[in-house]
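Here is a friendly walk through one protein model, with its pocket, its strands and its rings in turn. Please keep the viewer open as you read.

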Amino acid sequence: MPEPGLARTLVEAYVYLDLAGGSRGARTDEVADGWLVRLGDVEVLVPRESEAWAREQDLTFGAGLSELIDPGQWVLVATTYARRALEGALFFAADPSDAGTFDEVASGWRFAADAVEEALKFFPDGAAELDPGDFWTETGRALRESEPERLTRDKLESDLASYRGHLEDFRRLHGR
């Protein structure tokens, strides 16, 4: 079996599995130095120290750069969370008494913003664009080739502000 990948948090491990085809059926086992998330032949190690640090700092996906998910994939993850949040907000508008839906929408906007922040971590100081070598997955390279305008610093900073704004508006409008 290949060496396990290294995730910074349990959330990142599960996002990685979702990108690889789905995390349904994944198993998380505690090991000496953290957790091992397994699904079929794929194993992802989450060190206890990095998970603890992320929780202390309120970092959804962890500190530093991801070794598993490239910036193109992070942009797609952000888009997915934003679409789910938008859809959930429509359902919430129909039934604003559902606390579970409120939490899902708020989490969706937060995770969308956090995923954009992950993509932005790959930019060197002052750089407007990323190098081709920053995209090591087929999915990330395909997005860079087909829609490079989605991967500029300006676009990502705009998306980040938008997602944070939607979260603030949603919380403000619904009083939670």
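Which helix gives the most to the lining of the largest pocket? Helix 3 does, with four residues. The model is predicted, so to speak with care: local features need pLDDT of at least 70, side-chain atom pairs count only at pLDDT 80 or more, and totals for chains, interfaces and linings use all residues. Residues are numbered from 1 along each chain as its sequence is written, and side-chain values use heavy atoms, with hydrogens and water left out.

**The pocket**

A pocket here is an open set of points on a 1 Å grid over the protein atoms alone, where a 1.4 Å probe fits, with protein on both sides within 12 Å along at least five of seven lines; lining residues have an atom within 4 Å of a point. The largest one has a volume of about 190 Å³, taken as the space filled by probe spheres set on the points. Its lining consists of Val15, Asp18, Leu19, Val77, Thr80, Tyr81 and Arg84. Two elements, helix 1 (10-19) and helix 3 (71-94), each give two or more of these residues. Helices are DSSP runs of H or I with at least four residues, and strands are runs of E with at least two.

**The strands**

Strands pair if DSSP finds at least two bridges between them. Strand 2 (residues 27-31) runs antiparallel to strand 3 (residues 34-39) over five bridges, and threonine 28 has valine 37 as its bridge partner. Strand 3 is also antiparallel to strand 4 (residues 42-47), with six bridges; there arginine 38 stands opposite glutamate 43. Two residues separate strand 3 from strand 4 in their hairpin, where glycine 40 has a positive phi of about 60°.

**The rings**

Rings of Phe, Tyr and Trp (its six-membered ring) pair if their centres lie within 6.5 Å; planes under 30 degrees apart count as stacked, over 60 as edge-to-face and the rest as tilted.

| Pair | Centre to centre | Angle between planes |
|---|---|---|
| Tyrosine 81 and phenylalanine 111 | 5.2 Å | 85° |
| Phenylalanine 92 and phenylalanine 170 | 5.4 Å | 65° |

Tyrosine 81 in helix 3 and phenylalanine 111 in helix 4 (residues 99-120) are 30 residues apart. Phenylalanine 92 in helix 3 and phenylalanine 170 in helix 6 are 78 residues apart. Tyrosine 81, at 15% relative accessibility, counts as buried (under 20% relative accessible area, with exposed over 50% and partly exposed in between, for a 1.4 Å probe and protein chains only).
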